[in-house]
Amino acid sequence: MALAVRIPSRRRIETHLFLLLVPAGILADRHDRPNFLLATHAVMALSALGLSLTITAGLVTPQILLVGTLVIGCGAALTMPAWQAAVSTLVEPGQIHSAAALNGMSFNFARAVGPALAGFIAHAATIATIFWINAVSFLGLILVFWRWRTGSARIRATKSEPPCEATAMGFSAMLSNSRFRSLLVRTFICFFGASSMWSLLPAFAALHLQMEAAEVGLLMGTLGVGAVLGGALLPRLKAKIGLNRLITVASTQLGLALLLAAWNGTSVAIWVSMLATGVGWAFIVSSLNGSAQVMFPKSIRARAISAYLMVMYGATTSGSCLWGALSAYSVVSTTFIVAAWMLILSPLLASRWPIE
């Protein structure tokens with residue numbers, strides 16, 4: 001059955017994430033994280049199962065689809081701080097940046113392979129098959145969290161604190177930390193500039209480069225491959241040049257990739273640009289994410305991650321709005337050039353707002 005429904009855009013999903021991240025961080029710090037992750041994934045699994053059943057039965061409507069995707073999106077937003085805080089508690093402090101890079105590599109690999117695999121399945125079978133595979137995939141995560149919950153020491157938070165006091169203590173401690181304030185400033189600038197590529201690339205590829213839908217998908221997959229490569233290179237590069245210089249390199253690399261994408265040269269340029277963007281993106285995300293995790297004790301770590309993620313998604317969403325408006329008054333290549341120079345010049349802030 002053909003489903004003539006407009007799926008919520010990436011920008012709308014990020015808006016929902018932005019609104020739920022701080023409450024998610026508070027809940028993750030106040031509850032046993034294996035239990036919390038088990039509950040959120042169970043809710044997402046039930047929603048995915050409901051969508052699969054209604055689509056298979058031919059009963060799906062736009063309203064049902066939107067509600068189902070909203071529940072899954074909210075579950076993902078609630079999961080993020082707890083997931084990342086849990087990753088940082090499973091390794092030694094010196095390995096947190098490497099763990100953040102490995103977590104980012106798995107995410108980017110899934111993001112690169114998933115859409116292509118879904119397109120192949122939709123062509124070979126039916127749309128309903130994709131929804132059933134998605135629903136079944138939650139069973140593996142639920143099993144992992146169940147075994148973690150019953151077979152290992154639980155991560156406890158200070159549940160005796162009233163919610164308001166716990167919230168005030170966590171965020172006041174974070175904002176009084178100059179390194180964390182620097183991290184938030186650098187995060188906003190980097191993601192604000194880099195959001196131009198994510199938000200405008202599909203339109204740029206289709207309208208200016210005359211690419212077909214399959215080519216645009218492959219282009220996004222190239223970006224994911226670059227992110228996996230960047231995650232593999234991150235630990236050694238960070239050990240060699242340090243965190244501040246690594247962020248400087250990544251910001252400059254993202255800016256140069258935007259300039260390369262805007263250059264009206266050979267078609268090879270856009271593919272090289274996407275690979276470089278993926279590498280730089282992995283450097284930025286893993287470095288800033290890992291730093292947010294190591295700055296605070298476990299009791300408020302999920303709240304620190306939620307604050308970092310809120311700034312990241314806020315910068316991405318607001319940046320996408322600005323770059324979209326700018327491209328409407330000029331051309332996309334000009335927008336890329338403006339964003340590129342913002343990223344290239346951003347390392348000048350490093351002396352005023354160092355993270356290490």
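**View 1. Confidence along the predicted chain.** The mean pLDDT (the predictor's confidence in each residue, from 0 to 100) is 77 for the chain, and 80% of the residues score at least 70. Over residues 153–161 the pLDDT is below 50, and this stretch has 21 contacts in the model beyond near neighbours in sequence; contact means heavy atoms within 4.5 Å. Residues 1–14 stay under 50 in pLDDT, and the model gives them 21 contacts beyond four places in sequence. Where pLDDT is low, the predicted coordinates should not be read in detail. This is a predicted model, in which local features need pLDDT of at least 70 and side-chain atom pairs count only at pLDDT 80 or more, while totals for chains, interfaces and linings use all residues. Residues are numbered from 1 along each chain as its sequence is written, and side-chain values use heavy atoms, with hydrogens and water left out.

View 2. Helices are DSSP runs (H or I, at least four residues), numbered from the N terminus. H2 covers residues 33–56, and its end C-alpha atoms lie 34 Å apart, which agrees with the 34 Å that its 24 residues should span at 1.5 Å a residue; the expected span is 1.5 Å times one less than the number of residues.

**View 3. Helices H7 and H9.** The axes of H7 (residues 178–207) and H9 (residues 243–262) come within 11 Å and cross at roughly 25°; axes are lines fitted to C-alpha atoms over the stretch in contact, with angles from 0 to 180 degrees between N-to-C directions. H7 and H9 are therefore roughly parallel to each other (angles under 35 degrees). Residues of H7 in the contact include Arg-186, Cys-190 and Phe-204, and those of H9 include Asn-244, Leu-254 and Ala-261.

How values were computed:
Helices (H or I, at least four residues) and strands (E, at least two) are DSSP runs, numbered from the N terminus. Angles under 35 degrees count as roughly parallel, over 145 as roughly antiparallel, 65 to 115 as roughly perpendicular and the rest as oblique.
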